[in-house]
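Welcome, and please keep your viewer open beside this text. Each stop below tells you what to select next and what you will find there.

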Amino acid sequence: MVTIYIEGEAYTVKEGQNLLQACLSLGFDLPYFCWHPALGSVGACRQCAVKRFKDEKDLRGELVMACMTPAGDGTRISINDAEAAKFRAGVIEWLMINHPHDCPICDEGGECHLQDMTVMTGHNYRHYRFPKRTHHNQDLGPFLNHEMNRCIQCYRCVRFYHDYAGGSDLNALASHDHVYFGRFENGPLESEFSGNLVEICPTGVFTDKSLKAHFTRKWDLQTAPSVCVHCGLGCNTIPGERYGKLRRVRNRYHHQVNGYFLCDRGRYGYEFVNSTQRIRHPLQRTAGEAIPIPMTEKEVLDLAGTILADPGKVIGIGSPRASLESNFALRTLVGPDRFYAGLSDSDFSCLATGCNILQKGPVPASTLQGVGLADAAFILGEDVTQTAPLMALNLRRMRYRKSARIASGFQLPEWNDAAVREIAQLQKPALFIATPYPTRLDEEALRTFYAAPDDLARLGFAVLSALDPEAFPMPDLKDSLRVLADEIAQALLDAKRPLVITGTACSHPALIEAAANVAWCLGRKARAAAFALCVPECNSLGLSLMGGHDLNSAFQAVREGRVDTVIILENDLYRRADTETVDAMLRNARHVIVIDHQQTATAAKAHVVLPAATFAEATSTLINNEGRAQRGYAVMPAEGQIRAGWRWLRKLMNAAGHIGARSWFRLEDLAADLVKDMPVFQPIVGLDPKVDLPTPGGKIPRQSHRYTGRTAMHADIDVSEPKPPADEDAPLAFTMEGYDGPPPPELISRIWAPGWNSEQALNKFQSEINGPLRGGDTGRRLIEPAASDDGRYFAMTPPAALSGEDEYLLVPIHHIFGSEALSMASPGIAQRAPRPYLALSPENAPAKENERVRLRVNGRSLDLPVKLLPGMPVRMAGLPVGLPGLAKLALPAAVKILGTEKNKKE
Amino acid sequence: MESPLTQNIRPDISPLNLPEYEKAGGYQGLRKALTQLAPDEVTALVLESNLRGRGGAGFSTGRKWSFVPMGDDAPRPKYLVINADEMEPGTFKDRLLMEGDPHQLIEGIIIAAYAVQAGIAYIFLRRAYVTAGQRLETAIKEAYAKGYLGQNILGSGFNLDLYLHVSAGRYICGEETALLNALEGKRAVPRAKPPFPPVVGLWGKPTAFNNVETICNVSHIIRLGPAWFRDLSHVPDGGSKIYGASGKVRRPGAWELPMGVTIREILEEHAGGMQDGLEVRAILPGGVSTDLLTAKHLDVRMDFNSMQEAGSRLGTGTMVVIDDRTCIVGLLSNLMHFFAQESCGWCTPCREGLAWTSRILKAIEQGQGKLEDIEHLKRHTRLITLGHTFCALAPGAMEPLQSALTYFEDDFRRHILERRCPWR
């Protein structure tokens, strides 16, 4: 700790900061633009000027930029000094020379950092009387608007996009007062993190295009703390609603998880909540009728009473994208013996393996933030950019941190962005990527290795052997593999925080075991190792921990006539198993009840469909890939017949005379039963902040105190103002009224503070810049390393049989846009998703780019255009996962190419 | 009077080839440095000579070299970069030296690189100096062929590779750290200091950085000694200086003179005084980013300290002479247009402030000024100073403006009130 003096008063601050960080952490209002907590300081905008004095006797002082000045022991500054204040106001006046008077029509208005800083400096009169410079705007794709006239040249956009996120197609162009930030030509920005520009840009240059389609001012949004549902990382979000429609999703800072950023799938994938494909009423489909008819609730309950009368013949299929509560409710209804996990075969085994590893092994699951702090990382099999995008963003930070370590040897702090980048020229970090095909992250890796999943597993075992030859000798190892394994092993051993990353992407449990071996060996050698398991969906881990039989057994049970009724919770089985098998089950079961919010292929074949609430309409608990339980709160009340899945299941249970749900009036009641029944979930009890709030009803408002239209909104129905809908499941209220002081961190519904209308207000919510939120990190980890360690390793499984001469090994290729079902309902995401293709190596490819080929795999034929993927191993092919129009296949599998377009024509 | 820098330069500026240069005594300084002196002894000699940087800042060259980490543990490779991006308007001294005697520069480079133990050197040359570029290329080839560049120079064990880099052409590249960024292929935007280039320079490695004219002095200092070098000068700063004069003088040009001659001597004795019918009204003593001096200052000495005391700077030492029939407002408008255009666009005061002042001056020049414009111009000269901006470009741009407002505010008032240029 060091002492600095501000206006003559002494303050103690953490060592190693710059003056801007110190002042903001202390709660002072000092304006800035180009500094950003994640991007560090560059000193370009000159907005944060303060007066610094040599000592107490120095009355004159000199202006320094707070962001570039270390807050060293004994530093004396004045923020209120007249010359400094005038200079800061002058900077705003300079920026306003070219800034258009767009506020009334600018999307950023009301949450604009430039507005806030302008008011903060007191500038109000422009003396400039000449024309403003103007720019052409570009079409940058479906996610971002581009309005360059508003630019204040803070350079944050390119520093985030290019320097931090590794994107190459957004750059600073031209010079002097013509500086332009844009793309070499119109077209969608390529980086998967482009949407963060919306929050990085302090003005309205880059704004959310999806919001613009249904625009609402920030102060008019109803918001709540939520969790992203589009992958297994569980990034924290703040979705915003108005008039019953979700308008946008913004980042919600979590020190251990997502930090300041989201990926584009998480930011723009929310339109499924507003989709016309939503199921909004209970529907019944009688035999032979294609179009289902709406049911009243009474009809539903009557039917339930009949169908569920014989519990022994009812099974339930849970979902990795449904909440813990809904899955538990289904399990309670059917009983643990008749509860099935709605997962593909490979996901089932991979997740079971993964859970076992986390629970039994000596190495903890890495937090997402921890991934960025690793100084050596070994990725085995997972294309993280596509399956756990924000993990890739954090891995891209390894380069910077490596340079920062070198820079500290020259007394250069980590926040001095330009100096850190210069001093070590951003040498590649100890990142090793082994995947079946080249990935976007490869450009960051020291070494890459492409091979079939079995051979990747073999590499994993080779690394274990290099780490501990006695524990795992591999005498027959090929030299080239041994050299690579030795290098990886040495780097991991030399590191202070080695990390092993794997996941379900290759559909190969042995690969996950091989990765675990490496992590465990490092842990057993007293290294601070961590293990990151990537899982496909927002509650994959939750469902796996809950138990439940594999889906095949469910299919078998129906096939063998042991089952009358199948209840499917928020799941499209056609994404889990092959078409014929699912068709058969849905055809043979007497009653198929689907509870879901989207019209899926499964729902289209159901006899009864009940409208489930999405994450936006029901408070729910999800378990992310590190085993962190997080609660996402409903943003808006569920309309009409829509209910949380567990509430529908409760109604069914009550109607059927099942007593299990009698006490579940609120979420808390169900949670109490859940943890009693399954102790592994005990920590979720801590998710509920036991807080006594002083004002009306003791609730925190979801609406800002400037929310408008409250009385007019429903005046067409009834001129009297209705009571706000009650919410029994959350300490939040669908109203403006309530406690308006600082909420506990898990209940932060909007990032706002007096004078700080933009997301930059976050600095008021953090205990220190870049630190946890005041009140601590939210969520609760369920799994910590086992107390005892038997020292064993997973055995190596024999390699798969070599495929035939004309066969390729077909592996799944994941896409951030396309592989995840819910986000595809957003037009922007569907636009960015590829059309189905077959990826092949350009070497000895049987067809040219875009030529169609016919193939045979798993006994079925496919017809696809070819995409040549340089780096793809020669005897392998890749098929994109989850795209519309591509049926589910059990991959990896052998595939034969039967013929090409050319051959066909001949 | 000794003129070491220009002694080899012919009237038609045709360069000496290597044999001619050697015949005139060239590469003797190199020989002495590499075979008789240790690197830090070379630095000590340069320090003793009181050679101050000729690029405009006037920092002690020997002291600058001493900041480069030496010894086996120093990061490597180390670099020497020569600033040949002479773009300060009114300046043409480095051009003269490079076109007329390229080997003098090369010899100085090798000695300087030896002093700091740099293994790679770059000459960063402004694009417009095509002739200088060709002559340097030729001279470098000759030097390699003779073994003055490359491996094991003169059997000393010292290796040096020298590259000529021709820039894309921007004024800001004359700024030390922006030049380094440009050389690295990045946008030509300056760097914040600390860290300083001798420690963290080109590619993050220790880098010595000097102006062309500065380096051209080095071989002579080594050959003839620091005392001789100090004695060339009229003032404590050592050496001779290439002075120049442009504007409506009888004989515009460049001359090597003892450091510290007066403005009057340069103007009247060497430049031949003003053309017929004209009087001197003002001088920009060291290139256009220096404060104006007036006819009252003709007896001030052109050295670093004397210039500073008079309220200006020596800068590059090539003066722009302004006659009494040239409009000061027009001059400032021209200058500010240049500076505004050359702003790199990184920091707010320069990017926006220079453009604003440029537009004000244009308006005044076109008879559309307002009296309040003078206050806005003055405010800019107060707000845009060193430390308030990211580099020295904008503060340099303010120097002619603030001095014009000090000495010639009436010109501005007349333009505004009469709504026309009173000089035409």
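Begin by selecting Arg650(A) and Phe665(A): the charged end of the arginine sits over the phenylalanine ring, 4.9 Å from the ring centre. Here a charge sits over a ring if NZ of Lys or CZ of Arg is within 6 Å of the ring centre and within 35 degrees of the ring normal. Now select Lys867(A), which lies over the face of Tyr837(A) at 4.5 Å from the ring centre.

A word on the ground rules. This is a predicted model, where local features need pLDDT of at least 70 and side-chain atom pairs count only at pLDDT 80 or more, while totals for chains, interfaces and linings use all residues. Residues are numbered from 1 along each chain as its sequence is written, chains are lettered from A and ligands numbered from 1 in the order in which they are written, and side-chain values use heavy atoms, leaving out hydrogens and water.

Next come the ring pairs. Rings of Phe, Tyr and Trp (its six-membered ring) pair if their centres lie within 6.5 Å, with planes under 30 degrees apart counted as stacked, over 60 as edge-to-face and the rest as tilted. Over all chains, that gives 31 aromatic pairs. Tyr11(A) is in strand β2 (residues 9-13) of chain A and Phe28(A) in the loop between α1 (19-25) and β3 (49-53), so the pair ties together parts 17 residues apart in sequence. Helices (H or I, at least four residues) and strands (E, at least two) are DSSP runs, numbered from the N terminus. Then highlight Phe160(A), Tyr164(A), Tyr253(A), Tyr260(A) and Phe261(A), which form one aromatic cluster.

Now show both chains. The contact (heavy atoms within 4.5 Å) takes 46 residues from chain B and 38 residues from chain A. How many salt bridges are there between chain B and chain A? The count is 5, where a salt bridge is a side-chain nitrogen of Lys or Arg within 4 Å of a carboxyl oxygen of Asp or Glu. Zoom in on Glu422(A) and Arg191(B), whose side chains meet in a salt bridge at 3.2 Å, N to O. On the side of chain B that touches chain A, the elements giving two or more residues are α14 (328-342), α15 (348-365) and α16 (372-383) of chain B. Colour α15(B) to finish: it gives the most to that side, with 10 residues.
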